[in-house]
Amino acid sequence: MNATPPQPPRSAALQRMLERGYFEQASDFAATDAALDSGMVTFYVGYDPTGASLHVGHLVQIMGMRALQRAGHKPIVIVGGGTGMIGDPSGKMETRKLLTREDVAVNAAGLKAQLGRFLHFDSGRPNDAVMLDNGDWLLGLKYIEFLRDVGRHFTVNRMIAVKTYRDRLDAEIPLSFLEFNYQLLQAYDFLHLFRHHGCTLQFGGSDQWGNMVAGIELIRRMTPEGQPNAAYCLTLPLLLTADNRKMGKTERGAVWLDPERLTPFEYYQFWIGCDDRDVARLLKTFTDVPIAEIEALTAEGGAALNAAKARLAFEATALLHGLDHATQARQASEQAFGSSEDWSAVPLVTVPGPEIRLVDLVTHPEIEAFKSKREARERIAAGAVKLNGEPVTDPAHLVIAAHAGDQGLRLQSGKKCRFRVTFG
């Protein structure tokens, strides 16, 4: 297994993945590089469809898929309609919620719409991405036959050595027999895709390493002698911020890719508010800005980095939400965080009724400036909230429709929260 590439890659795909920060380790770097350099490789990435939206924590993987597809390779996106009914224990210290087939169908549609911003599906090109549901082949398996044909290639000794299982056992946290089967099913996914779709490469997060290597070994063991059995895997790094937090985790929760859960304006604000120490790396990983331009943008620190942050926010928002939404988010940001009285581009929230208490307004589901009303009361009393530019320190202050002008009431909370509010 290669954690550090033994030589500079020849393939355009691995060159870009290394340059942009999409590579951590490979099962066989030289063989993977040669395969990617010799023609179209079909590769796959799997998602448990536990929700209808991905979040920023998935973006390194998505950008890695995008890099491979742009280099001419074919992605298969697996939604775990079968494995999702068990729950992937990787990185989890508790059993996941089990999904129904109806859950999977709804969630898969949402994931495909988001991935379609980064990958091309159904365009007629040979390397169009395809989305498959592993429930189509897993749910029909006969258990005794599966154990006889597949399970015999796994040893419990080796399985419990995998970090995911070992961590749960060491912490004396229950590991269900269902979850213990997950590695077998993911390995079987790779075997199925190898046999029926010519898929020879799997990649994903570092927490999947044990499952991915198990798939390579299963392909080797179950391919008849004399037939090609070469398969590979590579992982992408877990992206941490400069202060050692997981990328995409904020005080308000996950940074969703679904505009219904997080507006383009809020998404833009997430990027523009990044730590100065992360700007260059985030530009490389999450945008297509050329490396030389990134180096020039980030050559100076301090206030000079503001332009680099604005570029990062605009490019990242444009990739996900499109140029129009990115332009509007940039305009709204300039309005809300400058001295302008024009907030026409700032997101608008309509609250029911003719009036609302300030503490209820700032905790409104579409605003959620604070986690709880207790925190809201404390922060309001400390002067953290402004209405139409003026601090209001009484949590019980009654905000009425008359306070909203033609553009709506201007609500500011802390350094980042900006909304226009109307009543209806």
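**Ground rules.** I am working from a predicted model, where local features need pLDDT of at least 70, side-chain atom pairs count only at pLDDT 80 or more, and totals for chains, interfaces and linings use all residues. Residues are numbered from 1 along each chain as its sequence is written, and side-chain values use heavy atoms, with hydrogens and water left out.

**Entry 1, the sheet.** I took helices (H or I, at least four residues) and strands (E, at least two) as DSSP runs, numbered from the N terminus. Two strands pair if DSSP finds at least two bridges between them. I traced an open sheet of six strands with mixed pairing, in the order β1-β6-β5-β2-β3-β4. Its edges are β1 (25-26) and β4 (130-133), each of which pairs on one side only. I followed β1 to β6 (residues 232-236): they are antiparallel, with two bridges, and Ala26 sits opposite Leu234 of β6.

For angles (0 to 180 degrees between N-to-C directions) the axes are lines fitted to C-alpha atoms, for helices over the stretch in contact; contact means heavy atoms within 4.5 Å. I found α2 (residues 29-38) lying across β1, β5 (199-205) and β6, at about 100° to β6. Helix α4 (residues 101-115) lies across β2 (42-47), β3 (74-79) and β4, and runs at about 165° to β4.

Which residues of α4 are buried? I used under 20% relative accessible area for buried, over 50% for exposed and partly exposed in between (1.4 Å probe, protein chains only). The buried ones are Val104, Asn107, Ala108, Gly110, Leu111, Gln114 and Leu115. Seen down the axis, the buried residues of α4 fall within an arc of 170° (from the directions from the helix axis to the C-beta atoms), so they line one face. The buried residues of α4 pack against β2, α3 (59-70), β3 and β4. On the other side of α4, I noted Glu102, Val106, Ala109 and Ala113 as exposed.

Why call β14 (residues 409-413) largely enclosed? Five of its five residues are buried, so the rest of the structure largely encloses β14. Leu409, Leu411 and Ser413 point one way, Arg410 and Gln412 the other, and all are buried. β14 runs antiparallel to β11 (residues 385-387) over three bridges, with Val385 partnering Ser413. It also runs antiparallel to β15 (residues 417-423), over five bridges, where Arg410 faces Arg420. Three residues separate β14 and β15 in their hairpin, and Gly414 takes a positive phi near 65°.

I found Ala382 in the loop between α18 (373-381) and β11, exposed at 60% relative accessible area. Its C-alpha is 50 Å from that of Leu234, 148 residues away along the chain. Gln183, in α10 (residues 182-197), is buried at 4%. Leaving out residues up to four places away in sequence, Gln183 touches Phe154, Met159, Val162, Tyr165, Gly210, Asn211 and Ala214.
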